Amino acid sequence: MSWDRFVKLFHWSLATGIVANYFFLEEGDQPHEWLGYLLCGLVVARLIWGFYGPATAQFSSFLARPAVAMREIRSLNTAHELPNTHTAAGGYQLVLVMFLVLGLGITGWIHDLDAFWGEDWPADLHEYMANALIILAGVHVLAVGWMQLGLNMPIIQRMWFSRR
Ligand code: HEM
Ligand code: HEM
């Protein structure tokens with residue numbers, strides 16, 4: 001299988017935007033804020049896609065009990081057939097990424113409100129969430145890299161734009 005075009009576009013825009021906002025754009029400047037809101041917009045679109053998009057992209061096709069995700073993680077020592085959608089563990093990763101990006105939008109917005117002037121917690125929470133997001137992305141890239149290169153499972157092709 002191959003992911004639909006919206007999921008691919010969502011994935012690579014999100015990954016590029018997060019890296020740009022974390023490592024390259026000046027913290028709290030206008031481009032940082034607008035890019036952050038744009039990423040929140042992408043997440044809202046992905047939420048809608050998760051209910052009304054194609055079957056492979058729907059939350060109901062891959063969200064499962066945590067025990068299923070644990071079993072998948074334990075089976076990562078050998079190559080195996082990929083499901084026709086995300087694994088349950090990949091599904092949890094998607095939910096966590098969406099939660100953190102929306103949380104960054106909300107804490108970034110709150111930070112600028114007069115009502116929270118002088119409060120440190122919105123900026124602190126923003127920083128914790130940004131760090132958690134980068135750590136999660138790092139674990140994700142390691143897991144995908146291990147499956148692709150260590151186990152020879154063709155997972156990156158599914159997320160890339162080439163026609164097969
Ligand atoms: C994916 C989205 C985002 C990421 C990864 C991100 C990441 C970061 C990081 C790493 C910092 C520096 C934190 C520190 O060390 O103190 C920061 C600061 C900041 N961000 Fe974001 N951010 C995102 C979205 C947003 C949005 C949507 C806003 C909207 C207003 C925003 C507003 C700010 C502000 C005002 C600061 C400065 C906070 C301070 O004064 O310490 N960010 N962001
Ligand atoms: C900041 C960096 C990244 C973030 C935040 C991120 C986030 C995500 C998210 C949220 C999904 C689920 C997509 C959806 O269902 O809409 C996903 C899937 C995926 N990502 Fe990433 N990603 C990042 C970087 C990368 C990189 C660098 C690679 C390639 C080496 C990669 C490979 C994949 C693959 C192959 C999938 C699909 C897995 C499957 O078929 O179930 N990601 N990623």
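Biologist: What covers the buried residues of H1?

Modeller: Cover includes helix H2 (30-52), helix H5 (88-111), helix H6 (121-150) and helix H7 (156-159). Helices are DSSP runs of H or I, at least four residues, numbered from the N terminus. Contact means heavy atoms within 4.5 Å. This is a predicted model; local features need pLDDT of at least 70, and side-chain atom pairs count only at pLDDT 80 or more. Residues are numbered from 1 along each chain, and side-chain values leave out hydrogens and water.

Biologist: Which residues of H1 are buried?

Modeller: Buried means under 20% relative accessible area, exposed over 50%, partly exposed in between (1.4 Å probe, protein chains only). An α-helix has 3.6 residues a turn, so residues three or four places apart point the same way. In H1, the buried set is Val7, Lys8, Phe10, Leu14, Gly17, Ile18 and Asn21.

Biologist: Which protein donors does the iron atom of ligand 1 have?

Modeller: Donors are N, O and S atoms within 2.8 Å of the metal (3.2 Å for Na, K and Ca); water is not among the atoms, so sites may look incomplete. Here they are His32 (NE2) and His126 (NE2), 2.0 Å from the iron. His32 lies in helix H2 and His126 in helix H6, so the pair ties together parts 94 residues apart in sequence.

Biologist: Is His32 buried or exposed?

Modeller: His32 is buried, at 14% relative accessible area. His126 is partly exposed, at 21%.

Note on methods
Chains lettered and ligands numbered in written order. Helix = DSSP H or I, 4+ residues; strand = E, 2+ residues; numbered from the N terminus.
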